[in-house]
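Here are some short notes for a colleague who is opening this structure for the first time. Please read them beside the model.

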Amino acid sequence: MTIRSALALVLSLAIGTAGAARADDTVPETVRIATEGAYAPYNFTKPDGTLDGYEIELGREICARAKLKCEFVAQDWDGVVPGLNAKKFDAIMSGMTITDARLKVVDFTKPYSGDSSGFAVDRNGPLAKLPLGGQKFSLMDEAEAAKALDAIKPLLKGKTVGVQVSTIHAAFMDKYLKGTVEVREYKTTEQHDLDLAAGRIDAIFANDAPLRATAEKPEFADTVMLAGPRFRGGILGRGVAMGLRKGEAKLKAKLDEGIDAVIADGTLKKLSLKWFKADMTPQG
Amino acid sequence: MIDVAFLDATVRTLLGGVPLTLSLTAGSVALGGVLAALAAWGRLSGIVPLDWIARLYIFVFRGTPLLVQIFLIYYGLGQFRPVLQAWGLWTFFREPYWCALLALALNTGAYTAEIFRGAVLSVPYGALVAGRACGMPRLLLFRRITLPLATRQALPAYGNEVISVVKATSLASTITLMEITGLAQKLIAQSFRALEVFVCAGAFYLALTFVIIGLLRLAEAWLSPDLRPRPAARPA
C-alpha cells in the first residue's frame with residue numbers, strides 16, 4: 001500500500017464522507033440520539049447527571065410512534081456533526097436548525113420546532129434600550145430585515161457579542177454585523193450567559209426559548225433581559241430538526257412518520273407548552 | 001482526494017493564531033520564571049513561613065488541572081465582579097487574555113520552581129567550598145558558581161516545561177481566545193472536517209516545538225564550554 005492510499009484510507013475512515021465509505025441504509029436496532037445536554041429548555045443535564053428537557057421527552061414520543069428503540073447520549077455541541085458522521089451515534093436532537101451549510105454534510109428530518117433568535121443584554125447597560133423590542137422580522141424579506149438591522153446598529157457599534165461556536169447565530173453575526181460588533185465564540189451557551197452576567201460582554205445572540213429560560217433563572221434575573229427585534233428564516237434556518245447521516249432514507253422515513261404523529265395528535269404542542277410556555281409547532 | 005485548496009486556506013487561517021500562541025507562551029514563561037525563582041528561593045531560604053508558603057503554592061498549582069485553574073480564574077472570579085471592581089482589578093480580570101496568561105504563569109511557575117530548586121541542590125558541595133575558600137562573598141559565589149552550574153543542570157527539564165507551556169496555551173481556547181487551537185475548532189465547526197484541520201494544527205505545534213528545541217540546544221552548548229571541541233593547538 002502506498003503512502004497516499006494509506007492516507008486516503010485513514011481519511012475516508014475518519015470522515016466517512018469519501019467514496020470508500022458508503023452509508024448503509026438500514027435502521028439500527030437501537031437508535032442512539034446525541035444531545036448536548038447544555039441548552040435548556042431544549043436539553044439539559046440534571047444535577048444527578050441524567051438528561052432532561054423538551055427534546056428528550058419529545059424524542060421518546062417520536063421513537064415510540066415510529067416503533068424504534070432509542071437512547072440518548074450526551075455529546076458536546078462542537079463535536080456533534082463529526083461524531084454523527086463517525087457513527088458514534090445515529091441521530092442528533094440538539095436544538096439544531098436546518099440550514100444550507102449543514103445540509104451539505106448531514107440530512108434532516110422534518111422540523112419539530114420553530115424558534116426565532118435575538119439578543120439578550122445587560123438589564124442595566126446601554127443596550128437595554130435596543131429599539132423594536134420583541135418585533136419579529138423574517139430574513140427572507142430583505143428590505144424589512146435591513147431596516148431592523150439599521151435601527152439597532154448605532155447602539156451596537158463597538159459592543160462585544162457572545163455566540164455559541166458553529167451555530168446559526170455565529171453565522172448571523174458574520175453575515176450581518178461583522179465590523180459593527182466584536183464577536184466572541186463560546187463552547188456552550190451557559191458560558192456566554194455567565195460572561196454576560198459578569199459584564200465581560202455586552203450582549204448574547206441565541207434562540208429565544210433558551211434566552212427566556214436564562215433570563216428567568218434567579219441568578220440571572222437582575223442582569224439578563226431580552227432586548228431588540230427577533231429574527232427568523234434565511235441564514236437562521238428553517239426550523240429545528242433531527243440531524244441524520246446522509247443517505248439513510250429508511251431511518252429518516254421512520255422518524256418523519258413519528259414527527260408527523262406527534263404533531264397530529266397534539267403531543268408536540270403539549271410538550272412545547274410545558275417546556276417553552278409557547279406553542280412551537282412548526283408552521284407549514 | 002486531498003483537497004489542496006482547503007488545506008491552504010486552513011494553514012493561512014491557523015497562521016493567524018500563531019502570534020497569540022507565542023505571546024501567551026512568552027508571557028507565561030517569563031512571569032512563571034519570576035514566580036518560580038521566588039518560590040524556589042522560598043523553599044531554599046530556610047525561613048519556615050516562606051518555605052511553607054512556597055510549598056502550598058507548588059502543591060496547589062501542581063495538584064490541580066490547568067483547565068480547572070483557567071475556569072476558576074475566568075468564570076469563577078467573574079462572579080465576584082463587584083468586589084474586583086472595588087479593588088480596581090476588574091479591568092484585568094475582565095479580559096480573557098490576562099486570565100489565561102495568569103493561569104498559565106501560575107501553573108508553569110509551580111513546576112519550574114521545583115526544577116530550579118533541584119538544580120540549585122545539584123551544585124556539587126565541593127565547588128561551593130572551593131569558592132568559599134577563595135574568599136567569595138555569598139552573592140559572588142551565587143553568581144559565579146551556583147547560577148551557571150544550576151542553570152546548566154536545569155536546562156533539559158526546563159526545556160520540557162517550556163514545550164509543555166506551548167501546548168498548554170491551547171486550553172486558552174476554552175475561554176474564547178482564538179489561538180491556534182481556537183481557530184482550528186472554529187474551522188472544524190464551519191467545515192466539519194476534523195482530521196485535516198487538527199493535523200494542520202498539530203503540525204503548527206510541532207514546528208513551534210522544533211524551534212524551541214533548537215534554541216535550547218544553542219543555550220546548552222553556550223553554557224557547556226567544557227563540551228566544546230578543543231581549539232586546535234597553535235604551533236609553538
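1. UniProt, in an unreviewed entry, places the feature "domain: ABC transmembrane type-1" at residues 18-217 of chain B. UniProt positions follow the numbering used here, feature names are shortened, and annotations may be inferred rather than shown by experiment. The span is 84% helix and 0% strand, and its end C-alpha atoms lie 23 Å apart. Helices (H or I, at least four residues) and strands (E, at least two) are DSSP runs, numbered from the N terminus.

2. This is a predicted model: local features need pLDDT of at least 70, side-chain atom pairs count only at pLDDT 80 or more, and totals for chains, interfaces and linings use all residues. Residues are numbered from 1 along each chain as its sequence is written, while chains are lettered from A and ligands numbered from 1 in the order in which they are written.

3. Chain A has an open, antiparallel sheet of three strands, in the order β2-β3-β4. Pairing requires at least two DSSP bridges between two strands. Two bridges join β2(A) to β3 (residues 43-45) of chain A. A38(A) has F44(A) as its bridge partner.

4. K67(A) follows α2(A), with a positive phi near 55°.

5. Which residues of α2(A) are buried? They are Y54(A), E55(A), L58(A), G59(A) and I62(A). Buried means 20 or more other C-beta atoms within 10 Å of the residue's own (exposed: 12 or fewer; partly exposed: in between), with C-beta atoms placed from the backbone. Seen down the axis of α2(A), the buried residues fall within an arc of 110°, so they line one face of the helix. The arc is taken over the directions from the helix axis to the C-beta atoms.
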